[in-house]
Structures are given as C-alpha cells and as structure tokens.
Amino acid sequence: MEQLSTDEKNILKLLGYGADTARTTAYLAGITGLDTRTVRDIIRRLVIDHGVPIVGVRSGLKPGYYIATDQDELARASGPLKNEIKQLARRNRALIFAQIRTDWLEYLSKGDQDNG
C-alpha cells in the first residue's frame, strides 16, 4: 500500500467496520473540517488507489460509508453501483446523440403558451 496522506489517514480512522458503523459524508466533513466533495474524493482514492474496501450506502436506516467486513457487505454495496453505472451510460449515450439546439428557451416558452 502506497503512503497515505494525512487527510486519507484521518478519514480512514473515522470509518467504522461493518454496516452498523456507517458514517455520512457530512459527519466526516464536520469532524475533519474538509468539504464534502474532498471527503468523497479521499474515499475514492482510498478505494481505488489503496484498495480499502470502503462501501457507501445511500438509503436505509444507516446511510453512509464504512469498511466492509465480508463478501456479503461488498456484494450489497456493488448492486446499486452497477445500477448507477447503467444509468450513467444511458445518460452518456443520450448526450452523445443529442442534437445541439440554440432555441431551447424559445421552444420551452412556446410549450408554455400551448399548455396555458
């Protein structure tokens, strides 16, 4: 494992083991004094660059980040990521094939008149 930065060490120390110890981004940011975007970036680096099995849960009784303790926790966390990847791929395809228009505001205002 590559040397961790001070911020990476601080975030890692605050993360608990297992789903019952999930910590929200806001909590991690508040304790460390970092902004939430930086916290998310640090977590991304810890996972991708350092191989720490940090998972995130966005809903349920205990949303937040935690260090996975078993394959079941990893599997539960990867399902929503797969769905998000599919949605992002669909959005990306739509953007690639979208027509560039300069008249969106005019189009929208006409729509308002037709519906009003």
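**View 1. Glycine 33 sits in the loop that joins helix 2 and helix 3.** The helices and strands named here are DSSP runs, numbered from the N terminus (helices: H or I, at least four residues; strands: E, at least two). Glycine 33 counts as exposed because its relative accessibility is 68%; buried means under 20% relative accessible area, exposed over 50% and partly exposed in between, with a 1.4 Å probe and protein chains only. From C-alpha to C-alpha, glycine 33 and glutamate 2 are 24 Å apart in space and 31 residues apart in sequence. This is a predicted model, in which local features need pLDDT of at least 70 and side-chain atom pairs count only at pLDDT 80 or more, while totals for chains, interfaces and linings use all residues. Residues are numbered from 1 along each chain as its sequence is written, and side-chain values use heavy atoms, with hydrogens and water left out.

**View 2. Helix 2 (residues 25-32) packs against helix 3 (residues 36-48).** Their axes are 9 Å apart, at an angle of about 105 degrees. Axes are lines fitted to C-alpha atoms, for helices over the stretch in contact, and angles run from 0 to 180 degrees between N-to-C directions. The angle makes helix 2 roughly perpendicular to helix 3; angles under 35 degrees count as roughly parallel, over 145 as roughly antiparallel, 65 to 115 as roughly perpendicular and the rest as oblique. Thr25, Ala26, Leu28, Ala29 and Thr32 of helix 2 meet Thr36, Val39, Arg40 and Ile43 of helix 3, where contact means heavy atoms within 4.5 Å. By class, the contact of helix 2 with helix 3 has five nonpolar, three polar and one charged residues. Ala, Val, Leu, Ile, Met, Phe, Trp, Tyr, Cys and Pro count as nonpolar, Asp, Glu, Lys and Arg as charged, and the others, Gly among them, as polar.

**View 3. Helix 1 (residues 6-14) crosses helix 2 at roughly 125 degrees.** The two axes come within 11 Å, and helix 1 and helix 2 are therefore oblique to each other. On the helix 1 side the contact is made by Asn10, Ile11 and Leu14, and on the helix 2 side by Leu28, Ile31 and Thr32. These residues divide into four nonpolar, two polar and no charged.

**View 4. Helix 1 and helix 3 cross at roughly 90 degrees.** Their axes come within 10 Å. That angle makes helix 1 roughly perpendicular to helix 3. Asp7, Glu8, Ile11 and Leu12 in helix 1 meet Val39, Ile42, Ile43, Arg45 and Leu46 in helix 3. Six of the contact residues are nonpolar, none is polar and three are charged.

**View 5. The largest nonpolar core has 15 residues.** A nonpolar core is a set of buried Ala, Val, Leu, Ile, Met, Phe, Trp, Tyr and Cys residues joined through side-chain atoms within 4.5 Å. Those with the most contacts inside this core are Ile11, Leu15, Leu28, Val39, Ile43, Leu46 and Ile54. Helix 1, helix 2, helix 3 and strand 2 (64-67) each give two or more residues to this core, and the largest share, four residues, comes from helix 3. Leucine 15 touches Arg23, Leu28, Ile54, Tyr65, Tyr66 and Ile67, not counting residues up to four places away in sequence.

**View 6. Proline 63 lies in the loop between strand 1 (54-57) and strand 2.** Proline 63 counts as partly exposed because its relative accessibility is 31%. Leaving aside neighbours within four places in sequence, proline 63 is in contact with Ala22, Thr24, Val57 and Arg58. Proline 63 and alanine 22 are 41 residues apart in sequence and 6.3 Å apart in space, C-alpha to C-alpha.
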